[in-house]
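The sequence and the structure are shown here.

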Amino acid sequence: MKNKITLDTGRKVFPVILMVLGIGIMLATWIVRLNIVAVVGVAYCCIMSAVIALTLIIKKKVYAPMIFGYAAACIGIVIYYIIWGADAGFGAFTSGLAGFHSADHPWLTGEGNFGTRLLGNLLLIFPSAVALWGLFFTAKKTFKKEWLKRFTSAVLCIALVGTSIFYVLTMNMRSKPNTDRLWEGQDDYLNNVDKTAGSDSPNVLIILMDDLGYGDVSLNGSIYSTPNIDSIGENGLNFENFYSSYSVCSPARFACLTGRYPYRGYADNVIYPTVDTLSPFASTRIFNSIELGANADGMLGDEITVAETFKAAGYSTGIFGKWHLGDYGEYLPTNQGFDYFYGSHYVNDMTPFYHVREENGEYTIVHGTDELKDQSMATQWIHDEISAWISEQAQSDSPFFAMYTSPWPHAPVYAGDDYDGVSGMGTYVDCITEFDTYLGILFNTMEELGVLEDTIIVFTSDNGPALEGSVNELRGGKYLAYEGGQKVPFMIRWDHSDGALGETGTVRTQSATLVDLYPTLVELCGITGNGGSDVNYMPADRVIDGVSMAQLLKNDTVIHTSGHPILHMKREDIKAIQYTVSTESVMQQYPDYTYDVLTDNDYVTFKYFDRIQNDNSAFFDKYRNNWLHILTDDSGENYNRTTVYPEIADEMNERLQEIQKDFKENRRGIIER
């Protein structure tokens with residue numbers, strides 16, 4: 001019969017090619033073990049469902065090789081997520097709800113085992129599997145009434161296309177990282193940190209702003225007042241040349257916590273939510289694993305954080321405000337060394353955005369899930385939480401390590417009702433004014449509790465400003481490797497430092513960067529390991545890019561020489577390298593040079609760009625190649641001095657390429673022992 005639906009089991013070239021492609025995708029999914037291959041697999045299945053439907057309409061045939069190819073790709077994906085999945089396997093149904101408590105929903109919050117992944121993934125693929133098997137069975141069997149067979153086949157084809165699309169929108173997209181893991185070294189290090197923290201140990205409070213520019217505090221010349229922020233530098237030290245270790249949020253936070261450049265941890269870009277972000281579709285679940293690479297969804301759990309070190313030493317640890325380094329499993333803050341977290345896992349312009357309270361990897365949504373609509377209470381909420389937590393810690397015998405990671409002044413900016421309009425300069429300055437006021441209240445509380453003088457207080461920002469804010473005379477802003485993107489405020493105060501900060505109320509001119517903070521705090525707090533035999537105890541199984549600022553704090557000593565340069569990175573590329581040299585060595589190299597910058601300074605800081613896009617939007621297609629700056633007298637990066645100091649430019653380029661090569665050959669910075 002001409003219009004009879006048949007199952008073609010022959011070896012026609014096109015169907016066989018499609019089958020081989022499906023089998024190839026299945027094998028590639030298991031061998032490569034990357035989410036991107038699984039994405040290719042589901043795209044193949046969607047296309048195949050449409051091709052199967054078209055061949056049924058045009059040829060009145062269902063080709064068995066196509067069915068087998070579709071099935072092979074699905075099997076590859078499902079087995080991949082059963083074995084290498086990183087959550088319970090229920091896909092995009094993981095969704096933050098008002099009142100959501102992760103402990104009540106272990107199957108939806110990354111706590112799955114092999115059994116839950118098996119169940120979850122099979123349930124998600126079940127509709128497509130039924131449609132595929134039904135189509136194969138229908139085409140194979142003989143129906144007494146051919147119109148019924150045609151109708152059933154058509155319905156099943158539509159169902160196959162629909163369920164394939166449904167699977168794309170609901171499938172599990174969280175996968176275990178596929179890279180060298182450093183769990184053994186982490187365990188070894190943390191087990192050997194000495195529990196020396198006691199009543200005589202200093203507390204630590206790190207205040208990390210979000211997108212605050214170098215010129216956004218009055219101690220650095222802002223046109224509005226920030227007296228409580230300034231008090232940190234006025235009672236301690238203020239840095240003229242401090243750099244974030246990246247020019248966007250998540251990577252800079254990685255650098256602060258680990259003392260390592262974010263490229264080493266697949267954290268060299270903004271990290272997005274993995275939960276359902278556009279109901280009912282999960283539009284960002286796959287983004288991190290592809291953009292960051294190696295299936296990473298945040299800061300890898302085997303990174304050793306400064307919080308883990310201090311917790312191992314006996315400190316109570318808490319973080320308040322913005323996390324932005326992952327939202328499930330190993331990526332959660334209380335799985336990264338913090339006892340307690342209050343704030344948002346994400347940044348305040350992302351969906352979803354809500355505050356949580358988190359302990360032991362379990363969290364509760366505090367105020368509901370519609371906080372993007374009005375964030376005017378954020379400063380007060382965060383202040384109340386950190387103030388209460390510090391008050392509680394002050395009653396114990398253990399010192400505390402706290403991070404106050406304000407979401408401000410990242411856009412969209414908000415100010416509380418009592419601060420809206422107080423500055424006359426717009427919501428941006430109102431927001432900073434409110435933060436500064438609450439910071440003063442926190443300091444007063446700490447003083448009343450008797451812990452202010454015994455606390456090392458650090459104030460800085462994760463990168464330069466974006467839409468608003470001041471960089472003073474610097475070039476560029478957020479996202480750029482120019483000074484405006486990475487040069488940020490930095491102040492440190494420790495009233496009972498016993499000389500560790502040198503002469504307080506003074507300025508430090510030499511350069512330092514955010515990766516230096518971890519080793520600095522370890523040294524200042526006297527953390528040791530292996531029964532005291534290892535002082536200033538730091539991990540030994542991985543490269544720590546930062547160097548301690550202890551000597552710089554005391555007497556403005558140069559710490560970033562060619563041996564330990566400051567890197568300005570964007571994604572996997574080193575855009576610029578920076579270090580300080582003695583003017584004597586420069587004049588020996590160029591004996592005829594009597595330029596003021598050399599004769600008036602004992603040291604000068606060079607910054608070399610290999611290649612960077614122009615920051616002038618009128619010339620966005622132009623690049624600066626082989627550019628050398630002396631930041632000592634040209635912090636605005638206005639003049640290229642490569643033609644004046646060609647040998648120095650060549651030396652810095654050679655050093656840059658050497659480090660770049662090492663990064664690529666040893667991505668995670670593993671030190672063989």
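Contact is taken to mean heavy atoms within 4.5 Å. Angles run from 0 to 180 degrees between N-to-C directions, with axes fitted to C-alpha atoms. The model is a predicted one.

**The sheet and its helix**

Four strands form an open sheet in the order β16-β17-β18-β19, and their pairing is antiparallel. At the edges lie β16 and β19, each of which pairs on one side only. From one strand to the next, the twist averages 10°. Strands β17 and β18 run antiparallel and are joined by seven bridges. Opposite Lys-607 in β18 stands Gln-578. In general, it is through backbone hydrogen bonds that the strands of a sheet pair.

Helix α18 lies across β16, β17, β18 and β19. Its direction is at about 130° to that of β17.

| Element | Residues |
|---|---|
| Strand β16 | 566-570 |
| Strand β17 | 573-582 |
| Strand β18 | 603-613 |
| Strand β19 | 623-630 |
| Helix α18 | 646-665 |

**Asn-228**

Asn-228 is located in helix α7, which spans residues 227-234. Is Asn-228 buried, partly exposed or exposed? Its relative accessible area is 22%, so Asn-228 counts as partly exposed; the cut-off for buried is under 20%.

Leaving aside residues up to four places away in sequence, Asn-228 touches Asp-436, Thr-437, Leu-439, Gly-440 and Phe-443. Pro-65 is 163 residues from Asn-228 along the chain, and 72 Å separate the C-alpha atoms of the two.

Key:
Residues numbered from 1 in each chain as written. Predicted model: local features only at pLDDT ≥ 70, side-chain atom pairs only at ≥ 80, totals over all residues. Heavy atoms only, no water. Pairing = 2+ DSSP bridges. Helix = DSSP H or I, 4+ residues; strand = E, 2+ residues; numbered from the N terminus. Buried < 20%, exposed > 50% of the residue type's maximum accessible area, 1.4 Å probe, protein only.
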